[in-house]
Amino acid sequence: MATIALNNNNKIPWIGFGTGTALFKKDANEATTLAIKSGFIHLDGAQMYQNEDSLGKAISQFPRESLFVTTKLNTLKPGETVKESLLGSLERLGLDYVDLWLIHRPESFPGKLKDVWKGFEEVYQEGLTKNIGVSNFDVKHLKELIDGASVMPQINQVGPFNPASIRFHAGLYHQLKPLLEFQKQYGIRVESYGGLTPIRNATEEPLNGALRTISESLSKRYGAPVNDGQVLLKWLQAKDVIIITTSFKEFRLKEYLQAFNIPALTEEEIKAIDDVSAPTAGL
Ligand SMILES: NC(=O)c1ccc[n+]([C@@H]2O[C@H](COP(=O)([O-])OP(=O)(O)OC[C@H]3O[C@@H](n4cnc5c(N)ncnc54)[C@H](OP(=O)(O)O)[C@@H]3O)[C@@H](O)[C@H]2O)c1
């Protein structure tokens, strides 16, 4: 599978299968197994989803080295260290290390992001995780964490559901630009979740209009049908963003992976989607 380089020279697969949202607090074994059998090798878990054990069951059926596994720190109990929390996740997942360990939400650690990040740097140096990063961080959270850090985050996973308005999907691109520009200075990659929100949200019909026009011309260039969701995946790819998505349906999982082979969007098509998300477009 194609990969994207991180600021520590490690690589991350361009698309990942998520075990949150529809699988939140549910057994993730069957859906994750289907995803891996369909071709996904990048799996996105979290302590908050309360299904790391079933994600681990799915993982155990495949060679560890062939997979890229993420989990996320939810909160710390009084006196608990970052390392103890990660060891708990590793035990539930049945793994010796994860590929990516993220702080799930900055709000969980008010005024303590620097301390928590020190713990992340320690487990990174010890090899319990290959990469470290954050999720749902805005510029102010990143500034707080980066100040005095010895390891830069590799990733900020962002999406449309965060109350602090940290969003990444096509309808909200312009709101996100300051964050993207800040991250670029430090080589912090953007990983998106909820990237398909515009086609699942009827209030964003203007974007749907743009997507339909693009999917028609892209289908002609590809020589096979391209749907609106795949156009959004191509737009995220054009923005150099790592994608986390999900589905229980085999055809959909294959459709996501197939998006990689669809021709890239033209500059005009990218701009058409960007412009729908501009403040003047009323979104
Ligand atoms: N860090 C965080 O705070 C955070 C928060 C939320 C989520 N996440 C992660 O991101 C993962 C994915 O989140 P998400 O569910 O929001 O992903 P998403 O990629 O925005 O949406 C996936 C959904 O889109 C639907 N879809 C795909 N193509 C479609 C099409 N052509 N037409 C209509 N519907 C289509 C699928 O429906 P079907 O099911 O019908 O195929 C699927 O349920 C989660 O599982 C989790 O791992 C992280």
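This is a predicted model: local features need pLDDT of at least 70, side-chain atom pairs count only at pLDDT 80 or more; totals for chains, interfaces and linings use all residues.
**Entry 1: who surrounds the ligand**

I looked up the residues around the ligand and got 27. Asp44, Gln157, Thr245, Ser247 and Lys249 come nearest. I then sorted the shell by class. It has 15 polar, seven nonpolar and five charged residues.

**Entry 2: polar atoms facing the ligand**

For serine 247, a polar side-chain atom lies 2.5 Å from a ligand oxygen. For asparagine 136, a side-chain N or O atom is 2.9 Å from an oxygen atom of the ligand. Threonine 19 uses its backbone: an N or O atom there lies 3.4 Å from a ligand oxygen. Next I looked up how far the ligand is covered. Alone, the ligand exposes 930 Å², and the protein buries 84% of that.

**Entry 3: which elements build the shell**

I traced the shell back to helices and strands. Helix H7 (197-200), strand S10 (242-245) and helix H10 (250-258) each give at least two residues. H7 has the largest share, with three residues.

**Entry 4: the second largest pocket**

I moved on to the second largest pocket. Its space is about 410 Å³. I found 17 lining residues. Nearest the pocket centre lie Leu180, Lys184, Val190, Lys239 and Asp240. Which elements supply at least two residues each of this lining? Helix H6 (173-186) and strand S9 (189-192) do. H6 gives the largest share, six residues. By class, I noted eight nonpolar, six charged and three polar residues in the lining.

Key
Residues are numbered from 1 along each chain as its sequence is written. Side-chain values use heavy atoms; hydrogens and water are left out. A residue is near a molecule or strand if one of its heavy atoms lies within 4 Å of it. A polar contact is a pair of N or O atoms within 3.5 Å; within protein, one must be able to donate a hydrogen and the other to accept it, and residues adjacent in sequence count only if both atoms are side-chain atoms. Accessible areas come from the Shrake-Rupley method with a 1.4 Å probe; for residues, only the protein chains shown count as cover. Helices (H or I, at least four residues) and strands (E, at least two) are DSSP runs, numbered from the N terminus. Ala, Val, Leu, Ile, Met, Phe, Trp, Tyr, Cys and Pro count as nonpolar, Asp, Glu, Lys and Arg as charged, and the others, Gly among them, as polar. On a 1 Å grid over the protein atoms alone, a cavity is a set of points where a 1.4 Å probe fits but cannot get out, and a pocket is an open set with protein on both sides within 12 Å along at least five of seven lines; lining residues have an atom within 4 Å of a point. Grid points are joined across faces, edges and corners, and a volume is the space filled by probe spheres set on the points.
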